[in-house]
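Student: Could you take me through this model step by step? I would like to begin with its overall make-up.

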Amino acid sequence: MKQVSNMANTSNGSLATLLILFTISAAIHTGAAQFPVQSQNLIADNVSVVEGDTATISCRVKNNDDSVIQLLNPNRQTIYFKDVRPLKDARFQLVNFSDNELRVSLSNVSLSDEGRYVCQLYTDPPQEAYADITVLIPPGNPIIESHEDIVREGNETEITCTSMGSKPAATIRWMKGDKELQGKSKVEATYDRMFTVTSWLRFTVTREDDGVPVVCIVDHPAVKDFQAQKYLEVQYKPEVTIKVEFPQGLIREGENLELTCQAKGKPQPHQVNWVRVDDDVPSHAVITGSDLFIENLNKSYNGTYRCVASNSVGETYADYILYVRDALTTTPKPTTTTTTISATTSPPDIIQDSQAGPEAQRLDHAVIGGVVAVVVFAMLCLLIVLGRYFARHKGTYFTHEAKGADDAADADTAIINAEGGHNNSDEKKEYYI
């Protein structure tokens, strides 16, 4: 009975519509004979709407001359004739009606509402414009999976992301940390005009990938920031380093040596061993866990000491080369003496090491240069003192041998007139220093 009633309502509505259209058509023809008709434009826009939301259809007219506007559904059934709704679907509601626009809303849109809607303007000839409604169906939550939960360093892993039940088909992107990676995708259409998208990502893992998120990002016009992620768990061999606890700097005979082996891996190393390459570890060496202690070093202990760490992934090692130098010795203090002044220099003790490095050699050169400078300075001071001494005792010495010779006519007379003659020869002694 309900179906018969609906058919009767529809039939009555159609008859009324035809009658009104006939009357309007006759009026238009009569008016056209009396007045010129200005060009009219009918405009409608396509609409995309997410399933369950509300779509709005707008039929707009430019330069309307009181012509009638109506809206038809994809089955060519009248939804609205002017401001009257013949179709008994309460989801359609009048938003605006005027001479220039007929605007209708459709709430709770479903996939069955998708199609081409017709805006019709009764002119001579009639005009039509089309509004295509596209229903968007967002995808379900993406599903991300991997073939193995734990991956070993250097192996290849594959991760899969699936997006189901969307319209149109979604696109999938991949991110590892802050770096975008390229995957391969496949699109499958289902019976209900929806799509399932599957994407695969393959790459070789490193130890730096441990704990890094791999993100599957789903792009679709109906949703934003739709994603799923999985954190990588990577196993890798131990990383081994050797730390010298003491001594610091050069190692010499008689000192003690302590080394610590630091090993880190995933899983943590279950075994750490100390060995000496090409020889045995000294018999009195003490190995405690990851520590190696050797006391009273001598040159026979020189060599390469190796720390080996292993876990379920594999083993790695690090080497330490021991080179024992001579023990420290002290040189005697040098002394410099001259004939008149003795000068003794006392420079700091000089550490002698036949195996000393560049720093010790530079120290020796500096001390030797200082000693030489002191000796040269002392000699210069001695020369200055002697020079001043001789300068003070230098002068002119006079004798009495020629006294009275100034008045003599010749040499014989001068000798005879000399005061005292030769009788005082004992008193004419001269002393020289």
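Tutor: The protein chain holds 3 helices and 29 strands. Helices (H or I, at least four residues) and strands (E, at least two) are DSSP runs, numbered from the N terminus. This is a predicted model, where local features need pLDDT of at least 70, side-chain atom pairs count only at pLDDT 80 or more, and totals for chains, interfaces and linings use all residues. Residues are numbered from 1 along each chain as its sequence is written, and side-chain values use heavy atoms, with hydrogens and water left out.

Student: What percentage of the 433 residues in the protein chain is buried?

Tutor: Buried means under 20% relative accessible area, exposed over 50%, partly exposed in between (1.4 Å probe, protein chains only). Of the 433 residues, the buried ones make up 32%.

Student: Is Thr157 buried or exposed?

Tutor: Thr157 sits in strand S12, residues 156-166. Its relative accessibility is 3%, so Thr157 counts as buried.

Student: Which residues is Thr157 in contact with, leaving aside neighbours within four places in sequence?

Tutor: Contact means heavy atoms within 4.5 Å. With those neighbours set aside, the partners of Thr157 are Glu148, Val151, Leu201, Arg202, Phe203 and Val205.

Student: What is the order of the 5 strands in the open sheet with mixed pairing?

Tutor: Two strands pair if DSSP finds at least two bridges between them. In this open sheet the pairing is mixed, and the order is S2-S9-S8-S4-S5. The edge strands, each pairing on one side only, are S2 and S5 (78-81).

Student: Which residues form the covered face of strand S2?

Tutor: Strand S2 spans residues 47-50. Ser48 and Val50 lie on its uncovered face; the covered one has Val47 and Val49.

Student: Which residue in S9 stands opposite Val47?

Tutor: S2 pairs with strand S9 (residues 127-136) in the parallel sense, over 4 bridges. Val50 stands opposite Leu136 in S9. For Val47, the residue opposite is Ile133.

Student: Why is one side of S21 and of S25 left without a neighbour in the sheet?

Tutor: These strands belong to an open sheet of 3 strands, S21-S24-S25, with antiparallel pairing. Strand S21 (271-276) and strand S25 (315-322) stand at the edges, so one side of each lacks a neighbour because each has a single partner strand.

Student: What is the bridge partner of Arg276 in S24?

Tutor: S21 and strand S24 (residues 303-310) pair in the antiparallel sense over 6 bridges. In S24, Arg276 has as its bridge partner Tyr305.
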